[in-house]
Amino acid sequence: MSAPVLTEPPAGLDDLSVWPASTARLPGADLSVGGVSLAGLADRFGTPAYVLDEDEVRSRCRTYRAAFPDAQVLYAAKAFLSRAMARWIDEEGLGLDVCSVGELELAHAAGFPPERMVLHGNAKTPRDIETALRLGVGRIVVDSPSEIARIAALTGPAGRQKVMVRVVPGVSAGGHEKIRTGTDGQKFGLSLTDGSAQHAIARVLGQPQLELTGLHCHIGSQITDVKPYLVAVRRMVGLMARVKDSHGATFPELDMGGGHGVAYRPGEPALDLTALARRLGAELATGCAAAGLPVPRLAIEPGRAIAAPAGVALYRVLSVKHTGPNTFVAVDGGMSDNPRPALYGARYAPRLIGRAATAEPVAATVVGRHCEAGDVLASDVLLPGDIRSGDLLAVPVAGAYQVSMASAYNLVGRPPVVAVREGTARLLIRRETQEDLRRRDIGA
């Protein structure tokens, strides 16, 4: 069997470019984030654990508002949501994109204004819609024909709900086929190519209880190139022009979704936010002028790009196993707290913290504790050759789609989330305990 092929250059071992801006080196090969020692956090809160830098979240919200000063910026709650996160997003002036009654109710409990929320979902339950209407969400995004009559009926003859129609523009973009949502043949939205989108728009326009404020599209996730967004906006403007010709209707809003890619490892590309804002705005203005349309207000929905770089995952090494040329480093977490590598091959750059290494780096695969061969957190990464049980590993860019996708597989409780800021740490979400798991099982 041949040795693993290294996919991370040695220079990346001490590269902090993908870590939160507050990250600093401490004596003893430790790191601090938000002014707090990561090794100290592992001792205090145990492992596995997630650390979230509040200032990094807030800074990224402000970056978006500066880049898109005239647009509505909605944070995609599915990336990571807690009451504290909802409060930070609210205080930074962003809206919120929610996908379930759970996200909606949690945000509402945190005091988030419902009129700045947008409800998504390809299969909204009656309770999702009823709760959204009761709380007064700003928009509901229609994702299928059956939702049109359902939303109208639940709104009632005396009510009026603002909605958008989710359009599939036929654009393929995203880091993996499982997160490409802009093409036909997947579950989201209404197709532009087969006429489904146009038919749904006509039906909504015929419902007096519904106010169609605009169109929505989302072409995928972890996109690092501006060009697919430009193709999508051209197709959306073309559709708006056809709607004007057919129905005499123009829309004040156009939501181009999110999917903005970030670098998970040093040297990887990330979406250029300044270029996206400049070129997307120019493309929209040019297209609308050519079609004789008023320029709608743009909306975007970043989630990963705000939350992911603000998070760090902490793990304790349980064992190191050498099998032929392979070195397996097993940690006390795994696919229950981060299913992304198993789901779509996500790559990370773990780092030894808390002690100085004395050996040269070797290729290793960081694996989890679960009974699955696919329980791999980081394949073929460089770690010190003397890595051993009891060591701490820290994994940056861990703030999105990890806590929110966590499970209790093998009845391993979900990790805590700890916020750090200005030298202080506080618990946002406590660790799920064995007692929590037992209490859910009420069978005799």
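Visitor: How much space lies in the second largest pocket?
Guide: About 390 Å³. The volume is the space filled by probe spheres set on grid points, joined across faces, edges and corners. This is a predicted model, where local features need pLDDT of at least 70, side-chain atom pairs count only at pLDDT 80 or more, and totals for chains, interfaces and linings use all residues. Residues are numbered from 1 along each chain as its sequence is written, and side-chain values use heavy atoms, without hydrogens and water.

Visitor: What makes a set of points a pocket?
Guide: On a 1 Å grid over the protein atoms alone, a pocket is an open set with protein on both sides within 12 Å along at least five of seven lines. Lining residues have an atom within 4 Å of a point. Here there are 14, with V403, R414, P415, I429 and R430 nearest the centre.

Visitor: Why is S191 called buried?
Guide: Buried means under 20% relative accessible area (1.4 Å probe, protein chains only). S191 has 9%, so S191 is buried.

Visitor: What does the side chain of S191 reach?
Guide: The backbone nitrogen of D194, at 3.3 Å.

Visitor: Which residues of helix α7 are buried?
Guide: A197, A200, I201 and V204.

Visitor: Why are they on the same side of α7?
Guide: Because they cover an arc of only 100° around the axis. The arc is taken from the directions from the helix axis to the C-beta atoms.

Visitor: What does R25 touch beyond four places away in sequence?
Guide: D14, L16, D30, L31 and R351. Contact means heavy atoms within 4.5 Å.

How values were computed. On a 1 Å grid over the protein atoms alone, a cavity is a set of points where a 1.4 Å probe fits but cannot get out, and a pocket is an open set with protein on both sides within 12 Å along at least five of seven lines; lining residues have an atom within 4 Å of a point. Buried means under 20% relative accessible area, exposed over 50%, partly exposed in between (1.4 Å probe, protein chains only). A polar contact is a pair of N or O atoms within 3.5 Å; within protein, one must be able to donate a hydrogen and the other to accept it, and residues adjacent in sequence count only if both atoms are side-chain atoms. Helices (H or I, at least four residues) and strands (E, at least two) are DSSP runs, numbered from the N terminus.
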